[in-house]
Amino acid sequence: MEKPIIELKQITKRYDDGFTALENINMTIEPGKFYSLLGPSGSGKTTILRIIAGFTDASEGEVWFEGKKINALPANQRKVNTVFQNYALFPHMDVFDNVAFGLTLKKMPKKEIRERVVNALKVVQLPGYANREISELSGGQQQRVAIARAIVNEPKVLLLDEPLSALDMKLRKDMQYELRELQQRLKITFIFVTHDQEEALAMSDEIFVMNDGKVLQSGTPVDIYDEPINHFVANFIGESNILPGKMVQDFEVQFVGKSFECADAGMRPNEKVEVVLRPEDLDITTPEQGKLVVKVDTQLFRGDHFEIVAYDDDENEWLIHSTNPVKDGKQIGLTFEPEDIHVMRFGEKETDFDARLEQYEEE
Amino acid sequence: MKKVKVSSIYLILVFVLLYAPIFYLIFFSFNQGGDMNQFTGFTWEHYATLFADQRMIQIVLNTLLLALLSSLVATLVGTFGALGIAARKQKRLRSTFLTLNNVLMVSPDVIIGASFLILFTSLGISLGFGSVLISHIAFSIPIVVLLVLPKVNELDPALLNAAQDLGATRWQTFSRVIVPFITPGIFSGFFMAFTYSLDDFAVTFFVTGNGFATLAVEIYSRARQGISLEINALSAVMFVFALVLVVGYYFIDQYSRTRRQKRKNHQKAGVMIP
C-alpha cells in the first residue's frame with residue numbers, strides 16, 4: 001500500500017444547534033486515485049470535502065495531509081483545490097483572470113502565468129476562450145473553466161463537489177469520461193462528491209457510501225455493487241430485489257419459503273438475514289426449469305433492456321432485466337447461480353463484514 | 001391604439017409639469033426687466049453679475065468640496081458598515097442593525113439638524129465647515145449602507161471560499177473579490193451621497209455658522225431678501241451642468257457597451273474559424 005496522502009481520523013462534526021453532520025469518520029486517501037463520496041443529500045459528504053479543504057473545522061478528530069496534521073492550517077495554505085458545485089467563478093473577471101487567479105497570488109512571472117493558463121485551458125478543451133466573460137459561457141464551459149482554475153495550481157488533491165449535477169444528461173456522460181481521463185493523465189488524487197450512484201460506479205477507483213453522517217461501506221465499485229453491506233447500500237447502489245430470509249447453515253439460505261445454495265457463510269445457524277438478487281442476474285426460463293415461478297405484471301422498454309416487474313405467489317415483487325421481451329400476465333421461471341445471491345446481516349459493521357468475507361473466502 | 005395615446009399624453013403632461021418651473025426660471029434669467037413679472041428684453045447681464053460675484057463662486061466651490069469630502073468619507077464608512085451588517089450571523093441582529101440604519105433615512109432633516117446643533121454646542125465645537133462636514137457625513141452613511149448592502153447580499157459565499165481555496169489571504173479576498181464585486185453598489189452609494197449633500201438645506205441651515213454657507217443656504221437667504229435674477233442665472237447654469245453630466249454619463253455608458261459588444265463579436269468570429 002502506498003503512503004496515504006490524506007487521512008481522516010475519527011472526524012466528528014457537530015453544529016451549534018446540536019445537529020451532528022458527521023460521526024466518527026475514518027478515511028484513508030492514497031495518492032493518484034479517484035475517490036467518490038456517494039450518498040443522498042444531507043448525508044455529510046460535502047461537509048467532509050469542506051473539512052479537507054479547510055472551510056470548516058471538525059469538532060473532533062484529526063485531518064492529516066502527507067504525514068502532517070493540518071487541522072489548524074488555513075484553507076489558503078492547503079495543497080488542495082476545489083471545484084465548487086455552482087462553479088463559484090469570479091463574475092467580474094474573464095476566463096483568463098479566473099484561471100490565473102491562484103498563480104497571480106503566488107506572484108509568478110507574467111509569462112509563466114500566461115503559459116500555464118493557456119495550457120490549462122487546452123487540457124479542459126477550451127483553447128481560445130481566455131478573453132471570454134464568464135456570463136457568456138454555457139454551464140458546461142463554466143464547469144471546465146472551474147476545473148482549469150483548480151488544476152492550473154497543480155494541487156496534490158482535487159476536491160470536486162457535485163460538479164456535474166447542473167449539467168444535462170448527455171453533457172454529464174461526456175464530462176464523466178473527460179474527468180476520468182483527466183485524472184489518469186494528471187495523476188492527481190480526485191475526491192469526487194456525488195449523489196449519483198451511476199456516476200460514482202463509472203468513474204471511481206474507490207467509493208465511500210455515506211448516509212446520515214456515517215460511512216456505511218467503502219470499496220471498489222465492483223465490491224460495493226456485488227456485496228453491499230446492508231439494505232440501504234443495496235438499495236442506493238443500482239437496482240435490487242431485497243427479500244427477508246434465514247441463514248439455515250453456511251452456504252445455504254432460505255427465502256420465499258425455499259432453500260437455496262449460496263456463496264455466503266460465517267453467520268449463526270438460522271440467523272435472520274436479508275437477501276439481495278440483482279435484476280440483471282435473474283435469467284428467464286420456463287416455469288418447469290425455474291428455481292422460482294413468477295407472474296409477469298408490467299414491462300418497460302429501456303432501450304438496451306426490458307425492465308420487467310413480476311410477482312410470485314407470496315406477492316413479493318421481482319424486478320428482472322432481460323434482453324428479450326415477455327408476455328404480460330404469463331407465468332415464467334427464474335434461475336440464478338449460487339454466487340448471484342448476496343446475503344446481508346442486520347446491523348453488521350463494515351470491519352466485521354470485511355473480516356467475515358475474508359474468513360470464508362479463504363476457506 | 002387609444003390607450004397608447006392616453007398614456008403618452010399623460011407622460012408628456014407629467015414631464016411638462018416637472019420641467020415647467022425650471023424653464024420658467026431659466027427664461028427669466030435673460031430678462032432685462034430685473035424681476036419676474038414681465039419679460040421686457042434679452043440680456044446676459046445677470047450672468048455677468050453672477051460670474052463677477054466672488055462670494056457666490058466661493059460658495060459654489062465650498063458646496064462642491066463639502067459634497068465631495070462628505071460623500072467620500074461616508075462611502076468608506078458606509079461600505080464597511082454594509083459589510084459588517086451582512087456578516088452578522090444572527091438574523092435578528094442583522095435586521096436590528098438595518099432598521100436602525102433605516103430610521104436615520106426616514107427621520108426628518110429638521111430633527112437631525114436640531115440634534116446635531118445641540119450636540120455641537122454642548123461639546124463646544126465651533127460651527128462652520130467642520131460641523132457641516134460631520135453632519136453631512138452622518139446623514140450620508142445610511143444612504144451608502146442601503147445602496148451597498150444589496151450587492152453584498154448578492155455575493156455568493158462560495159466565491160470567498162473559492163478565493164481562499166486558490167490561496168488568497170483575507171486581505172486578498174477582500175481586495176480582489178469582494179471589492180470589485182460590490183463596486184457598482186459603492187459607486188451608486190457615492191453618487192447618491194454626493195447629491196444628498198449638494199441638496200441638503202435643513203441640516204446645513206442648523207449647523208452652519210457665520211462664516212460658512214452652502215449654495216442652498218445662500219440662495220435661501222438671498223431669496224428672503226427679495227428675488228434677484230442672479231439666482232435665476234445660477235439655477236440655469238446648474239441645470240445645464242446637471243444636464244451635461246447626465247448626457248455625458250449616457251454616452252460613456254453607450255460607448256463602453258458597444259465596445260464590449262464589438263469585442264465579443266470579434267472573439268466569437270475568431271473562435272468559429274477553427
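Begin with chain B of this predicted model: its average pLDDT (the predictor's confidence in each residue, from 0 to 100) is 87, and 92% of the residues score at least 70. Next select residues 267–274 of chain B, where the pLDDT is below 50; beyond near neighbours in sequence, this stretch has three contacts in the model (two residues are in contact if their C-beta atoms, placed from the backbone, lie within 7 Å). For the complex, the predictor gives an ipTM of 0.82 and a pTM of 0.79.

Residues are numbered from 1 along each chain as its sequence is written, while chains are lettered from A and ligands numbered from 1 in the order in which they are written. In this predicted model, local features need pLDDT of at least 70 and side-chain atom pairs count only at pLDDT 80 or more, whereas totals for chains, interfaces and linings use all residues.

Remain on chain B and select residues 59–85, one of the spans that the unreviewed UniProt entry annotates as "transmembrane region" (positions follow the numbering used here, feature names are shortened, and annotations may be inferred rather than shown by experiment). This span is 100% helix and 0% strand, with its end C-alpha atoms 37 Å apart (helices, H or I, of at least four residues and strands, E, of at least two are DSSP runs, numbered from the N terminus).

Now move to chain A and colour domain 1 (6–226) and domain 2 (240–362) separately; the bounds come from an automatic or database domain assignment. Their C-alpha centres lie 37 Å apart.

Finally, select strand 17 (residues 306–311) and strand 18 (residues 317–322) of chain A, which run antiparallel and are joined by six bridges (two strands pair if DSSP finds at least two bridges between them). Phe306(A) stands opposite Ser322(A). The two strands form a hairpin with five residues between them, and Glu315(A) in the turn has a positive phi of about 65°.
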